[in-house]
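Hello,

Have a look at it first, then read on whenever you have a moment.

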Amino acid sequence: MKNLIAILLILAVSAGFSSCSKFDEWNTDPNQTTSVIPELLATDVILGTVKYPAVGKDFLYKDMLAKYISYMEGMTDYQYNKFDRTSFGSLLKLTNVEKMVELSKGSIYEDSYLALAKFIRAYTFYNLTMSVGDIPYSEAGKGESGVYNPVYDTQKDVIIGILAELEDAAGLFASGRDFPGDPVYNGDVLKWEKAANNLRLKILSHLWKKTDDSEINVASTFEQIVGEGNLMESNDDNFQLVYSETEVEHYPFYNSNFRKYPIMSSTIISKMREYNDYRLFYFAEPAEFQILGGKQPSDTSAYIGVNPADDYNTISAKYAIGKISAINKRYYALASGEPTFLLSYPEQCFIISEAILRGWLTGDAQAYYENGVRAALSFVADHTPDDVQYHHGRKITQEVIDNYLAGPKVAFTGTTDEKLKKIFQQRYFLGFMQDGWNSYFEFRRVGYPVLPVNELTNLNAVKTQLPLRWLYPSKELTNNRAQVEEAINRQFSGNDDVNQILWILQ
């Protein structure tokens, strides 16, 4: 009875939402009358993964932490590197994941929904373990089976487990059939297979310090995945949510009451000016002070960033007289905005290029790098109206991209270390107003580009660095204390601190 009530509630909520949103549209096979339940659950768990849980100011926290922007409504914890307790709320959707699998058994979509379940599980656990370290994994989501205090698995075991689930998912998608209820890929199992393999490569890239671990076999596994070739081929394969003019499908920062507060950081503005990167004109507005002084919006010198680690009052003084660039108005003036991706073809190219430089496989690192750069710039141009107010007369064209790649700052030349830094810089550009906490995870992984830290303003206890992890949730300490404490003792000698080093970083 409990299961029936839960299903009816999901149906009611989903039906109400789908009446006005293509996010929840799906094609139903009239001959498969029982498939309506798993497809509704599929929509729920996919949107629960790819859709931003909050809009407005919260949408910008990731960009504050990665030092893309400063925020002028008031001092904000993430801008000044203060971490608190995280949440395991994302695990709640795993109940619907299990129900989706259960209800699809015996249908023509059984393999596809099982594959989707494994992908959603893997992505969910990946983000949680990257945030805190050891987490409930092997016993997570088993409350209906009477497991109310799940054990905490080591981060290594979690990583091994989710890599195995993603391998299974890719194989099941390959043998499955297109399924209903998918607001991202419209049920295209080949695109889902590519996304699963993309995530496998991404996770392996975080294990670059673990190449000697025989239980994981980082390099050989990476080489095998690339060799099989079932990978993203263009921006059309991005794991992303596309927005529209329909009210419930608006871009997360559209028409936001907070639109006047985000301003551009020198961390990204200075590099884009140095590289003559035309994304500058799509990401930012010229500083009012510079325009009043006679600068043109098409002039790179009209764009000024602020050091996000400066004292808030110092930044406020510059902000008040228009000496800092705001974010481009397209981020709040366009209802459809641009798609927000969590996995992308450009990043995949950069990951493979890096792996070749590290000797994990043979191949043309330059070609992958250049393909990534081309795709990253094209993504911005393709999802911005050809209107001077949004690119300030500096439209990204193929000629612009060709010239950009030939520039001395971007061209794939130099030592291996210099080439790696060029890859990391391009991945940083790619993450602006995108991909969740990925830019922070990348900085934490490789330390480049260098993000500014000011010991006088840094709210982290270790004044010379950004925090390395979030704290375990309060609810876990209340409801599952013994297991949490065991994990904290095992990893951090009993100290649940934001500056403790995760296994994946050691």
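Valine 242 is partly exposed, at 39% relative accessible area (buried means under 20%, exposed over 50%, and partly exposed in between, with a 1.4 Å probe and protein chains only). Valine 242 sits in the loop between β4 (239-241) and β5 (262-264); helices (H or I, at least four residues) and strands (E, at least two) are DSSP runs, numbered from the N terminus. Between the C-alpha atoms of valine 242 and arginine 469 there are 30 Å, and the two residues are 227 residues apart along the chain.

Before the rest, please keep in mind that this is a predicted model, in which local features need pLDDT of at least 70 and side-chain atom pairs count only at pLDDT 80 or more, while totals for chains, interfaces and linings use all residues. Residues are numbered from 1 along each chain as its sequence is written, and side-chain values use heavy atoms, with hydrogens and water left out.

Now for two helix pairs.

Helix α4 (residues 94-104) packs with helix α5 (residues 110-132) at an angle of about 165 degrees, and their axes are 9 Å apart. Axes here are lines fitted to C-alpha atoms, for helices over the stretch in contact, and angles run from 0 to 180 degrees between N-to-C directions. The two helices are therefore roughly antiparallel to each other (angles under 35 degrees count as roughly parallel, over 145 as roughly antiparallel, 65 to 115 as roughly perpendicular and the rest as oblique). Their crossing is left-handed, meaning that the near helix is turned anticlockwise from the far one by less than a right angle; clockwise would be right-handed.

On the α4 side, Leu94, Val97, Glu98, Met100, Val101 and Ser104 meet residues of α5 that include Tyr113, Leu114, Ala117 and Phe125; contact means heavy atoms within 4.5 Å. By class, this contact has 10 nonpolar, 1 polar and 3 charged residues (Ala, Val, Leu, Ile, Met, Phe, Trp, Tyr, Cys and Pro count as nonpolar, Asp, Glu, Lys and Arg as charged, and the others, Gly among them, as polar). The buried residues of α4 are Leu94, Asn96, Val97, Lys99, Met100, Val101 and Ser104. After α4 comes glycine 106, with a positive phi near 85 degrees.

The second pair is helix α7 (residues 189-205) with helix α8 (residues 218-228), at about 155 degrees and with axes 10 Å apart. α7 and α8 are therefore also roughly antiparallel to each other, and they cross in a left-handed way. Asn197, Arg200, Leu201 and Leu204 of α7 meet Val218, Thr221, Phe222, Ile225 and Val226 of α8. That contact has 6 nonpolar, 2 polar and 1 charged residues.

- Lysine 67 is not a glycine, yet has a positive phi of about 65 degrees. This lysine is in the loop between α3 (61-65) and β1 (69-71) and counts as buried, at 1% relative accessibility.
- Asparagine 186 likewise has a positive phi, about 55 degrees. Its place is the loop between α6 (155-175) and α7, and at 55% relative accessibility it counts as exposed.
- Tyrosine 448 and proline 449 are joined by a cis peptide bond, with omega about -5 degrees.
- Glutamate 354, in helix α14 (residues 345-357), counts as buried at 3% relative accessibility. Leaving aside neighbours within four places in sequence, its contacts include Arg427 and Arg445.

Best wishes
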